[in-house]
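Biologist: Please take a close look at a single part of this model, the interface between its domains, and relate the ligand surroundings to it.

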Amino acid sequence: MKFKTTPYHHDLLKDEDRLSAFFQAIGEYDGNIDLAYDLGCGSGILSYFLKDYFKEIIAVEINRKASECARDNLKAFDNIEVINRDVLQYDFAKKADLIVCEMLDTALIDEEEVPVLNHAKRFLKEDGEIIPQGIINMVELVNMQRDNIHWDEGAVYEEFSKPVVYSEFNFLDNINPEFETSFTLKSKRDGIINGLKITTFTKLNDNIIAGPSPMLNPPLLIPLKEKSVKVNDLINVNLKYIMGNGIESIQAQYY
Ligand SMILES: C[S@@+](CC[C@H](N)C(=O)[O-])C[C@H]1O[C@@H](n2cnc3c(N)ncnc32)[C@H](O)[C@@H]1O
């Protein structure tokens, strides 16, 4: 089937690793389940995957052009309704068995996954589920070339420590968007460090974890003050940001 899309949603469709992770997770349902919400449906691709397993799918998309594409792409399926609205301003009439929400980005800083789910979870049945189920964030020390916060799309950097997990979220829990943590990383060589690299893994469900791919959580590089280190030095870092408030909310410093 050929999907009409905007250029951004076309790039999302081209990321096969991203799509196959969602396809597999949705395909684990038995079928004939009452209701699913597809939040931020974009071109409608995830509703298209959901249509064989759920009796009713309500797909919500804030972008008018994308919602028109989704409506057109999905018009042959009478169990899907596409609504052009901001989920944050939308109160659903019924409780769903499943919420699918792909508003993911590295560490959930730049997109609205956390505020949208905090709002939409009120419309999830008590035994309802969310895809993805959550995320795992890892951090490592690097020497990077650029001095601004940027995603790793071909960025040049040298790794200076092993990656460690610094946070995990289960989307069924209530999540405070204001995030702060401190961690210690061990330098694995002599040299100069000047940044952090954050990598996010997406837990689609208990069985499927997706690593970063071009359109799903590419690694994020964050500058730190330049510091000379020796092998096995322990480096203490404080990191804070507001999930859903953009990369400008990131603050990272040694302590
Ligand atoms: C990463 S895209 C995913 C699109 C599609 N689900 C897919 O997997 O290809 C996230 C989508 O969420 C939409 N979005 C972001 N915030 C939203 C909000 N508050 N309400 C509704 N849609 C939103 C964006 O416009 C975008 O289309």
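Modeller: The account below begins with the domains and their interface, then turns to the ligand and to the backbone.

This is a predicted model, in which local features need pLDDT of at least 70 and side-chain atom pairs count only at pLDDT 80 or more, while totals for chains, interfaces and linings use all residues. Residues are numbered from 1 along each chain as its sequence is written, and side-chain values use heavy atoms, with hydrogens and water left out.

The domain assignment, which is of automatic or database origin, gives domain 1 (7-102) and domain 2 (135-254). Taken over C-alpha atoms, the centres of domain 1 and domain 2 are 30 Å apart. With contact meaning heavy atoms within 4.5 Å, 12 residues of domain 1 touch 9 residues of domain 2. Between them, domain 1 and domain 2 bury about 830 Å², and 69% of this lies on carbon and sulfur atoms; buried area is the accessible area (1.4 Å probe) that two parts lose on being put together, summed over both. Of the area that domain 1 buries against domain 2, 42% is supplied by Asp-15, Ala-21 and Glu-28, more than by any other three residues.

Across this interface of domain 1 and domain 2 there are 0 salt bridges, a salt bridge being a side-chain nitrogen of Lys or Arg within 4 Å of a carboxyl oxygen of Asp or Glu. The same interface of domain 1 and domain 2 has 4 residue pairs in polar contact, both residues at pLDDT 80 or more. A polar contact is a pair of N or O atoms within 3.5 Å; within protein, one must be able to donate a hydrogen and the other to accept it, and residues adjacent in sequence count only if both atoms are side-chain atoms.

On the side of domain 1 that touches domain 2, the elements giving two or more residues are helix 1 (7-14) and helix 2 (16-26). Helices (H or I, at least four residues) and strands (E, at least two) are DSSP runs, numbered from the N terminus. Helix 2 gives the largest share of that side, 6 residues.

The N to O distance between the side chains of Glu-102 and Arg-18 is 2.6 Å.

Around the ligand there are 19 residues, of which His-9, Arg-18, Glu-61, Asp-86 and Glu-112 come nearest; a residue counts here if one of its heavy atoms lies within 4 Å of the molecule. A polar side-chain atom of His-9 is 2.6 Å from a ligand oxygen atom. For Arg-18, an N or O atom of the side chain lies 2.8 Å from an oxygen atom of the ligand. Gly-40 places a polar backbone atom 2.8 Å from a nitrogen atom of the ligand.

Finally, the peptide bond joining Ile-131 and Pro-132 is cis, with omega about -5 degrees.
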